[in-house]
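This report goes through a few places in one structure. The sequence and the model come next, followed by the report.

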Amino acid sequence: MEEKKSRSQVVTILKALSRNRMAVLGLVILIILLFTGIFAHVIAPYDFAKQNLADAFQHPSPSHIFGTDEFGRDIFSRVVYGARMSLLVGFVSVGIAVIIGGILGAIAGYYGRRVDNLIMRFMDVLLAVPQTLLAIAIVAALGTGLMNLMIAVGISSVPTYARIVRASVLTIREEEYIEAARASGTSNTKIIIKHILPNCVAPVIVQVTLGIAGAILTAAGMSFIGLGIQPPNPEWGNMLSSGRDYIRGYAYMTMFPGLAIVITVLSLNLLGDGLRDALDPKLRN
């Protein structure tokens, strides 16, 4: 019975999402970007790191549809591989934030009092520092590189998810089925994992979608200032950084990676707005 009810809710949510054309557009674009990132080695016509100074600064043409950079590298190939890097950073860093923030938020909301006060005051301290600045501080301590960038962006996002999960737990923990689980002798850990966290999924899913967009922007900004993914590895932020010196004569060097960031973030925001409307019964048409 419970399984049928869950399936019915999923079908209702999917139908509500499918009626939102902008959300569907965002989902389609995101799927295309994921496909591009996964199969970058098949789609890219050239090696992203191969230099050919004789072909440097070529404007977009049939042989190089996005042109070439100052080292003669094909920009289209680098943008395609950049999708893999940017999406990897976005998904992994948000995954780190969801796991750590979800656990801390669930513990704070369920146990309350001193535990809640201790955890949330620490979250308040982290929230007092701008996310990008906190990520920069973490990277400065750990060093540059892909893994450290994902850890930095993930940790800087933890307070957001901790607060969302805590708010949901504070409401759910007083429900009758939670009281029944306590009365039957179910351990607190099992109650949190089996009964509370599954009911916090809806707001977390929406925040994850929007959070991935924010993580990609943060990672691009850090790469732009030299604290993210280092050349010759292609990442949209460091491509913008290397192209800014030539923006007057060769604007295409910054235009294409910039458009890639805009399209990716826009698709995630459209999908996030659609999911918010689909998951909230009050907003369904």
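Ser168 is buried, at a relative accessible area of 15%, where buried means under 20%, exposed over 50% and partly exposed in between (1.4 Å probe, protein chains only). This is a predicted model, in which local features need pLDDT of at least 70, side-chain atom pairs count only at pLDDT 80 or more, and totals for chains, interfaces and linings use all residues. Residues are numbered from 1 along each chain as its sequence is written, and side-chain values use heavy atoms, with hydrogens and water left out.

Ser168 belongs to helix α7, residues 146-172; helices are DSSP runs (H or I, at least four residues) numbered from the N terminus. Apart from neighbours within four places in sequence, Ser168 is in contact with Cys200 and Pro203, contact meaning heavy atoms within 4.5 Å.

Gln230 sits in the loop between α10 (201-224) and α11 (236-243). With 31% relative accessibility, Gln230 counts as partly exposed. Between Gln230 and Tyr111 there are 119 residues in sequence and 43 Å in space, C-alpha to C-alpha.

The two residues are set out below.

| Residue | Relative accessibility | Contacts beyond four places in sequence |
|---|---|---|
| Ser168 | 15% | Cys200 and Pro203 |
| Gln230 | 31% | Thr144 and Asn238 |

Next comes a pair of helices. The axes of α8 (residues 176-183) and α9 (residues 188-196) come within 11 Å and cross at roughly 145°. Axes are lines fitted to C-alpha atoms, for helices over the stretch in contact, and angles run from 0 to 180 degrees between N-to-C directions. Tyr177, Ile178, Ala181 and Arg182 of α8 make the contact with Ile191, His195 and Ile196 of α9. By class, these residues are five nonpolar, one polar and one charged. Ala, Val, Leu, Ile, Met, Phe, Trp, Tyr, Cys and Pro count as nonpolar, Asp, Glu, Lys and Arg as charged, and the others, Gly among them, as polar.

The last topic is a pocket. On a 1 Å grid over the protein atoms alone, a pocket is an open set of points where a 1.4 Å probe fits, with protein on both sides within 12 Å along at least five of seven lines; lining residues have an atom within 4 Å of a point. The second largest pocket is lined by 16 residues, and Leu33, Thr36, Val79, Ala260 and Ile263 lie nearest its centre. Two or more lining residues each come from α2 (21-38), α4 (75-111) and α12 (252-279). α12 gives the most, with five residues. The lining has 14 nonpolar, two polar and no charged residues.
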